[in-house]
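Look at the structure first, then read the points below.

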Amino acid sequence: MSEALFRLQRDIPVEQGYDLVVAGGGPAGVAAAVCAARLGIRVLLVEATGTMGGMGTSGLVTAFDPMANGERMLVGGLMKEIVETMYMRGYMSPGIDPNCWRKDFHKWSPFRVEGYKRVLDDIVVQAGVEVRFFTRLIDVHVDSGNRKVHGVVIHNIEGYRYISAKTFVDSTGDAVLADLCGATCREAGRDTQHIMPATLPSLFTNIDWEKKSAVVEQKGVEVRQAIQDGHFTQPDPFLVGMSKVGDNVGYLNGGHLFNLNALRVRDLTDGIMFGRKIAEEYLHFYRKYIPGCENLEHVTTASLIGVRESRRVVGEYELGIDDYTAKREFPDQIGVFNKFVDVHPYDCSEEAYRIHLEEKSKRYLLKPGEYFGIPYGVLVPRGWDNLWVAGRCASSDVLVHGSIRVQPACSMMGQAAGTAAAQSIRTGRPAYELDTEELVHTLREADAFLPQVRLSRSMTRQ
Ligand SMILES: Cc1cc2nc3c(=O)[nH]c(=O)nc-3n(C[C@H](O)[C@H](O)[C@H](O)COP(=O)(O)OP(=O)(O)OC[C@H]3O[C@@H](n4cnc5c(N)ncnc54)[C@H](O)[C@@H]3O)c2cc1C
């Protein structure tokens, strides 16, 4: 890279009057924006693409992870409202039983992606959130000494704007805002030994679901045969598989982009090209090896790479694997969850895949009826006044991140962050000194399931 520097100096229009700016409109950002706006504050949501939903729409991850624990639904609040609305409007996959999200243990809820986009558009507009699509947050204006954000710089077709606001939520997935602010972050590959691989999902059509068993390819027999036959460029034995999302449409979570650093544009560029190449190989693999897919058509690959791990903030609380295995509950928990620790293998060796399966099934799998708590402190970059993070970039270790990085947990965290921002504005108390008893009450009023008996007015810290 060139060492030369160019100093950019320019006058840009200033916009004022927002209470909260939310950066990134994935499940976390939508929940933060909508739940804050419903509490009566003025919210601007900036989203780099032309739709909300993040990985669930632009990333074509068209299934919600488990929301119940075999006994009851754990994920309430906005996420529950979204999935129930989608069901009523016919946007969940055909034939899906609502118990998938209301009660069952480890059941995924696949959906029709265009329906999800429509529901999110409606919910955000009804809540009075101002949305700007095709708009990227590119810089910040902070008081580093007091760890307070004054404003952000955004860019879109109209040029640059400086937006001042009282509070800010980073729901970019990659902790873009928090990192620009100078908040301490952990980066995959820099602060960890490995980077969890990414995937480029696809939509396919012309599937005969009667003939195709949903689990057949997950047993790995056909993939191994295809690898032996020299079918794949990359001998990856781990294929998550195809989910039914329409009468003859499937979403493929298939193929890994190993060692892709999602904070490097070279890796993103090369990665998406390689993703498209192996998606085509999966097309031919399914046609040849999987019954019911003989006439498969490839509709599209996603426009965003499915990044599992990139950068996480170091929060007031870093949720760790010991909390998970102890099924620890917190007085200030803002959500409870049950999903297993889903850390994909770091390379395509059989050994890495074996370890992945072993860990998933033995060490990091909670039982039906169980759950662990997600405390408020995972949302607060350590010491920051008016900044919260939510979703994939929240504060946890790698293993717990493997559980809480999924859409329902991200939505719960977003709801809590937006609710906290509104409370902070009303009470004048900074993020790190928020009354968490009041926060829990407000979240419960908004239908969050927070079973803790003992509450606390201050957050759990490490
Ligand atoms: C291959 C794969 C399969 C998965 N399968 C499932 C599954 O089956 N079920 C499930 O529930 N979860 C699944 N997940 C996890 C889940 O989809 C994501 O982790 C989750 O969507 C993260 O939510 P988020 O809101 O934190 O971020 P994201 O969904 O990544 O959304 C972030 C948003 O921020 C925007 N953004 C980023 N930077 C900026 C910026 N500077 N300015 C403005 N906007 C910006 C992006 O465009 C994006 O819309 C999967 C993930 C992957 C990668």
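Helices (H or I, at least four residues) and strands (E, at least two) are DSSP runs, numbered from the N terminus.

This is a predicted model: local features need pLDDT of at least 70, side-chain atom pairs count only at pLDDT 80 or more, and totals for chains, interfaces and linings use all residues. Residues are numbered from 1 along each chain as its sequence is written, and side-chain values use heavy atoms, without hydrogens and water.

- 4 strands form an open, antiparallel sheet in the order 11-12-10-13; strands pair if DSSP finds at least two bridges between them.
- Strand 11 (241-244) and strand 13 (297-301) are at the edges with a single partner strand each, so one side of each has no neighbour in the sheet.
- Strand 10 (residues 202-205) and strand 12 (residues 249-253) are joined by 4 bridges.
- S202 has L252 as its bridge partner in strand 12.

**Salt bridges**
- The count is 34 salt bridges (a side-chain nitrogen of Lys or Arg within 4 Å of a carboxyl oxygen of Asp or Glu).
- E15 and R132 form one, at 2.6 Å from N to O.
- E15 lies in strand 1 and R132 in strand 5, so the pair ties together parts 117 residues apart in sequence.
- E15 is buried at 18% relative accessible area (buried is under 20%, exposed over 50%, partly exposed in between, with a 1.4 Å probe and protein chains only).
- R132 is buried too, at 14%.
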